[in-house]
Amino acid sequence: RYRVYLTRDRDIYIKLPQRVAIARGKSADMFISLHADTIMRPGVQGSSVYTLSDTASDAETAKLAERENAVDSLVNVDVGDVDQDVADILIDLVTRDTMNQSKVLAQTVVSTFHKHGVRTLPERPHRSAGFAVLKAPDVPSVLIEMGYLSNRSEANLLITPKHQQKIATAIIAVIDRFFTWNE
């Protein structure tokens with residue numbers, strides 16, 4: 001039902017704007033960035049989902065976005081042959097709609113993960129900040145933090161095929177729900 005493209009097929013670093021460019025180059029209808037990161041509080045466990053925002057939802061998310069954003073540049077949107085004022089308005093409208101769709105996608109991630117037994121952070125599993133990897137102005141995008149490697153038990157869980165399959169199944173259900181609602 002879907003055509004899936006990976007930004008990479010081996011363990012190499014691809015700059016964040018290039019990841020966005022890959023998604024846009026494939027005319028993506030959705031962009032999901034999967035992460036397993038560390039956090040300063042080793043007791044934290046559970047998945048979370050992030051969307052783009054000009055201001056971070058909290059200080060911890062702001063620090064995470066700063067660390068993730070090795071490079072921060074906006075990908076150009078082609079609005080055709082119009083004057084700059086009209087182009088700015090069109091870009092603003094597209095970006096706002098995309099951010100709204102991304103929020104719906106994030107809410108779908110949280111509710112679907114719960115239904116599939118994938119643990120999420122107990123408080124505010126949906127957060128936002130200026131993540132460079134989410135800056136495609138025309139592609140709904142989320143960053144899913146599958147768990148935290150700074151928590152030893154969660155790090156051990158993340159490497160098990162059973163847990164990986166549980167997360168993958170939940171993500172497929174998220175995609176199905178999102179596209180069913182947007183058909």
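Trainee: In which strand should I look for Thr-51?

Mentor: Thr-51 is placed in strand 2, which covers residues 48–52; helices (H or I, at least four residues) and strands (E, at least two) are DSSP runs, numbered from the N terminus. This is a predicted model, in which local features need pLDDT of at least 70 and side-chain atom pairs count only at pLDDT 80 or more, whereas totals for chains, interfaces and linings use all residues. Residues are numbered from 1 along each chain as its sequence is written, and side-chain values use heavy atoms, with hydrogens and water left out.

Trainee: Is Thr-51 buried or exposed?

Mentor: Burial is read from relative accessible area: buried is under 20%, exposed is over 50%, and partly exposed lies in between (1.4 Å probe, protein chains only). Thr-51 has a relative accessibility of 2%, and therefore counts as buried. For the chain as a whole, buried residues make up 40% of the 183 residues.

Trainee: Which residues does Thr-51 touch?

Mentor: A contact means heavy atoms within 4.5 Å. Leaving aside residues up to four places away in sequence, Thr-51 touches several residues, including Ser-102, Ala-106, Arg-127, Leu-134 and Val-142. The list also includes His-126, whose side chain is joined to that of Thr-51 by a polar contact of 2.9 Å (a pair of N or O atoms within 3.5 Å; within protein, one must be able to donate a hydrogen and the other to accept it, and residues adjacent in sequence count only if both atoms are side-chain atoms).

Trainee: What pattern does the chain follow along the sequence?

Mentor: The chain has five helices and four strands, arranged in the order α-β-β-α-α-β-β-α-α. Of the contacts with a separation of 6 or more, 84% are between residues 24 or more positions apart.

Trainee: Which residue does Asp-138 meet in a salt bridge?

Mentor: The partner of Asp-138 is Arg-24, at 2.7 Å from N to O. Asp-138 belongs to the loop between strand 3 and strand 4 (141–148) and Arg-24 to helix 1, so the pair links parts that are 114 residues apart in sequence. Asp-138 is partly exposed, at 33% relative accessible area. The remaining salt bridge joins Asp-9 and Arg-10, with the closest N and O atoms 3.2 Å apart; Asp-9 is exposed at 66%, and Arg-10 is exposed at 55%.

Trainee: Where is Ser-27 found?

Mentor: Ser-27 is in the loop between helix 1 (16–25) and strand 1 (31–37), and has a positive phi of about 55° although it is not a glycine.

Trainee: Over which residues does pLDDT stay under 50?

Mentor: pLDDT is the predictor's confidence in each residue, from 0 to 100, and where it is low, the predicted coordinates should not be read in detail. Here it stays under 50 over residues 69–77, while the chain has a mean of 83, with 79% of its residues reaching 70 or more.

Technical notes:
Salt bridge = Lys/Arg side-chain N within 4 Å of Asp/Glu carboxyl O.
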